[in-house]
Amino acid sequence: MAKITFITTEKEEITLEASTGSVMQLAVDNNVPGIDGDCGGVCSCATCHVHVAPEHTAKTGEASEIETDMLELDDNANEYSRLCCQLEISEALDGLVLQVAESD
Amino acid sequence: MSDILSTDKTCVVIGASHGGVNLAFALRKEGWQGKIILFDADPVLPYHRPPLSKAYLVSEDAIDKNALKSKESYEKDNITLQLGVLVSNINPEKKNITLQNGSQQAYDTLVIATGARPIIPPIPGLKEAKNVFPLRTAKDVSNIRAALHTSKNKRVVIIGGGYIGLETAASLKKLGVAVTVLEREERILSRVTAPVMSTFFQELHTAHNVPVYTNKNVNAVITNNEYNTVSCSDGSKYIADLIIVGVGIFVNKELAENAGISIENGIKVNETACTNTKDIYAIGDCTYHYNPHYQRYIRLESVQNAVDQAKVAAAAICGKNPVYNSIPWFWSDQYDIKLQMVGLSTGYNEVIVRKEAKENVFSVWYFKDNELLAVDAVNNAKAYVIGTKFLKGGQKIDKTKLADAAVVFKPNNLLAEE
Ligand SMILES: Cc1cc2nc3c(=O)[nH]c(=O)nc-3n(C[C@H](O)[C@H](O)[C@H](O)COP(=O)(O)OP(=O)(O)OC[C@H]3O[C@@H](n4cnc5c(N)ncnc54)[C@H](O)[C@@H]3O)c2cc1C
Ligand code: FES
């Protein structure tokens, strides 16, 4: 089981638990505002953009090339940006805090 | 505003797929307090369609892995799902719909999100043939999986070299199945891409041992006890244990048509996704809608269009004045190739190809004179986002710089001098 906390753009904290699936699916299944996951998790829509809490980047590892490219021209992207459909849930993510990115 | 805060209003949605489901959740976000009831003839919890021809087809996953939303998320937002229920009539005067079992459901606002259904062309013998499948629903996929499972020789012929046909071919090849694609036109993807893209995909499939034959007009199917023989008008014949048909769709417009709603190549809607009939909206694949960016009416078959129109309709229903002004985007996954498209290329008169250093990484830029119309990006998300930025911003591009892979790929480096 991993506990994952989303902080919405309205500053609401939502903590959810799961053991499998992607972080995007977890958010979508629980109606976390700002995470739409329109493409179903194949890096095509960028509607699952989050910022990883700086102290947690070791848990998530680095963004892949396609994630970085998809977000390159996004004004709300920064070095902590990830497309959370690419984050597979496991024990390693327990305690992770993610800020839902604004969308333009 | 009082309407949306009223708890005794009912919004009825026909069709619970990408369009209808997104509409329901967007309505709640916009503050709709009344009932929301989604009807769909498909009994399965609404799911993503794109994976049906891609990863899902050859996985062993159950369809719930592909659900658009969990069952609980509907309950949480108080959205009622009526699955496995066919809607048979709309009565705009009485403001109700009739279900297949004869019962009626009243609405204050109605949203038609009925999408489309696959065309099964009237080829002699096709209807009677063994193991013929379209590919649009979860059921179609389970039928294909089951037929493959029991088939000894597993020879598959796909009629139609569009995205669905080609994706299906690539997916099935992963299972080691013998696949042949037959396309009627002189090149695959001819209606949606430039010849350079058709050639690329043709060669890609050939390299994976999937023959893709063009100029193949299938004119008969003959079936014996064991297999089907697919014949083309040039005399060629292909043996098929399974036939998968991917030749396009018919819009599900009949409900709207019978209710007197304006139809033109689909259900005609304005920029707020409203039909010509009061309190009736239409969204997604079933609509013929105005696109301000390209200044014409279009019909699109894409997740982007279904989702964006859903958001626009939800805002309009809740008394806002949204305008549908999206630039279309789409994707396709075949083997290890990821194609991302933005814009609409129809009407182009020049194509610029930019090849990056890495193999199979390139982009095709469609122009009408100096105006960028669309970009096809192959394994090249960077080109996709740069193309999107130019399409949205409208800045002019220096085509020579664009074509030169030595020019660092950044929007500012590609600007035409004024
Ligand atoms: C195999 C496949 C691959 C695809 N790949 C991509 C892709 O990679 N990218 C992309 O952007 N798009 C893709 N698409 C297109 C995308 O899936 C559609 O554009 C999208 O599903 C449209 O959503 P919709 O809600 O408008 O209509 P649909 O998804 O067609 O849904 C309409 C729903 O209405 C229901 N319905 C119709 N009539 C009635 C009635 N009378 N009563 C009750 N229910 C009714 C149907 O059962 C259906 O569930 C793909 C489609 C397919 C089939
Ligand atoms: S869900 Fe589309 S990019 Fe993550």
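The structure is a predicted model.

**Chain A**

Three helices and five strands make up the secondary structure of chain A. Read from the N terminus, their order is β-β-α-β-α-α-β-β. The C-alpha trace of chain A spans about 35 × 25 × 25 Å along its principal axes. A compact globule of 104 residues would have a radius of gyration near 13 Å, and the 12 Å of chain A agrees with this. Of the 104 residues in chain A, 42% are buried. Among contacts in chain A with a separation of 6 or more, 63% are between residues 24 or more positions apart.

**Contact between the chains**

Where chain A meets chain B, 14 residues of chain A are in contact with 20 residues of chain B. On the side of chain A that touches chain B, two elements give two or more residues: helix H1 (23-29) and helix H3 (65-71) of chain A. The largest share, three residues, comes from H3(A). By type, this side of chain A divides into six nonpolar, four polar and four charged residues.

**Strands E13, E14 and E15 of chain B**

Strand E14 (residues 228-232) of chain B runs antiparallel to strand E13 (residues 218-223) of chain B. E14(B) also runs antiparallel to strand E15 (residues 237-240) of chain B.

**Around ligand 1**

There are 35 residues around ligand 1, and those that come nearest are B:Gly15, B:Ser17, B:Gly19, B:Gly115 and B:Gly284. The shell around ligand 1 divides into 16 nonpolar, 13 polar and six charged residues. Both helices and strands of chain B contribute to this shell. Helix H2 (18-30) and helix H9 (303-317) of chain B each supply at least two residues. Strand E2 (35-40) and strand E22 (329-334) of chain B likewise each supply at least two residues of the shell.

Key. Residues numbered from 1 in each chain as written. Chains lettered and ligands numbered in written order. Predicted model: local features only at pLDDT ≥ 70, side-chain atom pairs only at ≥ 80, totals over all residues. Near = placed C-beta within 6 Å. Helix = DSSP H or I, 4+ residues; strand = E, 2+ residues; numbered from the N terminus. Nonpolar A, V, L, I, M, F, W, Y, C, P; charged D, E, K, R; others polar. Rg over C-alpha atoms; globule rule 2.2 N^0.38 Å. Buried ≥ 20, exposed ≤ 12 C-beta atoms within 10 Å, placed from the backbone. Contact = placed C-beta atoms within 7 Å. Pairing = 2+ DSSP bridges.
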